[in-house]
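Dear colleague,

My notes follow directly after it.

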Amino acid sequence: METPTMPKPDHHSAQPALTADGLVAVAAATAQTWRETALSTDAVDREAAEAAVRQLYAAAFGSASPTPEIIWCRSPLEAARLVTTSRDRLGAPMRDRIRDLPWSQGRAELAERLGPREFGRVWQATCGELAPLLSNLITRISAAVEGHAADDAERTALRIGLTHAIHGQFDAAWLPLYEAAGMACGLAQMARAVSWWWPFENAVILTERPLTLRLDDQNRPHHGAGPAIAYSDGFALHCWRGTPLTAEFGERLAATTPDLIRAEENAEQRRMMVEYYTPERFLKESGAEPVQQDEAGKLWRMEMPGDEPIVLVEVVNSTPEPDGTFNVYFLRVPPDTRTAKAGIAWTFGLIEDEYRPLAQT
């Protein structure tokens, strides 16, 4: 194999190089679209993905570009297993040449053009929001792939295979900036067309997007009625607020009842079940009664064997709804709370004696 060389990044030669503010503005204009790409569960565009592969190989190898075999897999697990069992068929890994080299060259050129201070500002402004989310997803999917290993040897092989992957749609954190600067356009096309993929000398493995990808309001993988991330071959991740679950517990979580909550011996899993079922529903359907009442509301408490008690304050919104009804809310408060007023005060960061509302809202 010849020594890797790369053409200069693909700039828009008809336009002058954008300033730092110009790069931020162009990247910001596409930020929402890129987020949608990163979290897409749509069917992949196979034709576009295969065309982008040819473009990337031509840019990396020039006239000596090979014509790699295209292999489609249904999930990162299926692809990683193929990598571990088909090295002779695949040939040498090409991630360094196809993805890492243009990434590092583009970063270096931008840093030189903008200067260290401005480059740091631009990088944070254009890549900072999506990067933690996508890095977390990559880490969790990788861990789930390794978790399917039958033994330590297979786990090591899968871990090595994952190092050769390019993350397609999950590269959407840094691609808006590079695309605004006219760089890595082939990789941007791949991210729009495909999920994880593996470039090798003789073949390229491309994977389908997930069928399901669910997050909570803090961008953590999360779902209580099935897997948070699922692929068409059955590879799936069950998570609750970002905490990985076994498939067995994920299915039990979706079927939670008060009796199952009380029977659960694992305290952490019981807390998840209560949160899924909602504490107020669990208390009411378990026959609990308020233990204290004052002008602030009603205090509910249920003892949990081997765990801290569940304590809630029930409050009624003093402002009526358009139909004349009043909404009722339940607020989870610390287990040592003894009065409803103390619980409401705690939600404002106060002690009971300091809580003197002028009017309820």
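This is a predicted model: local features need pLDDT of at least 70, side-chain atom pairs count only at pLDDT 80 or more; totals for chains, interfaces and linings use all residues.

Residues are numbered from 1 along each chain as its sequence is written, and side-chain values use heavy atoms, with hydrogens and water left out.

Three strands make up an open sheet in the order E1-E3-E2, with mixed pairing (strands are DSSP runs of E with at least two residues, helices are runs of H or I with at least four, and both are numbered from the N terminus; two strands pair if DSSP finds at least two bridges between them). Its edges are strand E1 (69-73) and strand E2 (197-199), each of which pairs on one side only, and the twist averages 15° from one strand to the next (axes are lines fitted to C-alpha atoms, for helices over the stretch in contact, and angles run from 0 to 180 degrees between N-to-C directions). E1 runs parallel to strand E3 (residues 203-207), to which 5 bridges join it, and Ile-71 has Ile-205 in E3 as its bridge partner. Across E1, E2 and E3 lies helix H4 (residues 76-85), running at about 160° to E3 (contact means heavy atoms within 4.5 Å).

Another open sheet has 4 strands in the order E4-E5-E6-E7, with antiparallel pairing; strand E4 (212-213) and strand E7 (243-245) are its edge strands. E4 is joined to strand E5 (residues 229-230) by 2 bridges, and the partner of Leu-213 in E5 is Ile-229.

Strand E8 (residues 290-294) and strand E9 (residues 297-304) pair in the antiparallel sense over 4 bridges and form a hairpin with 2 residues between them, where Asp-294 has Gly-297 in E9 as its bridge partner.

Finally, Val-316 lies in strand E10 (residues 307-316) and counts as partly exposed because its relative accessibility is 47% (buried means under 20% relative accessible area, exposed over 50%, and partly exposed in between, with a 1.4 Å probe and protein chains only). Together with Phe-326 and Val-328, Val-316 forms a nonpolar surface patch with about 260 Å² of accessible area (patch residues have over 30% relative accessible area and no salt bridge, with like charges joined within 9 Å and nonpolar side chains, namely Val, Leu, Ile, Met, Phe, Trp and Tyr, within 5 Å; areas come from the Shrake-Rupley method with a 1.4 Å probe, and for residues only the protein chains shown count as cover; a salt bridge is a side-chain nitrogen of Lys or Arg within 4 Å of a carboxyl oxygen of Asp or Glu).

With kind regards
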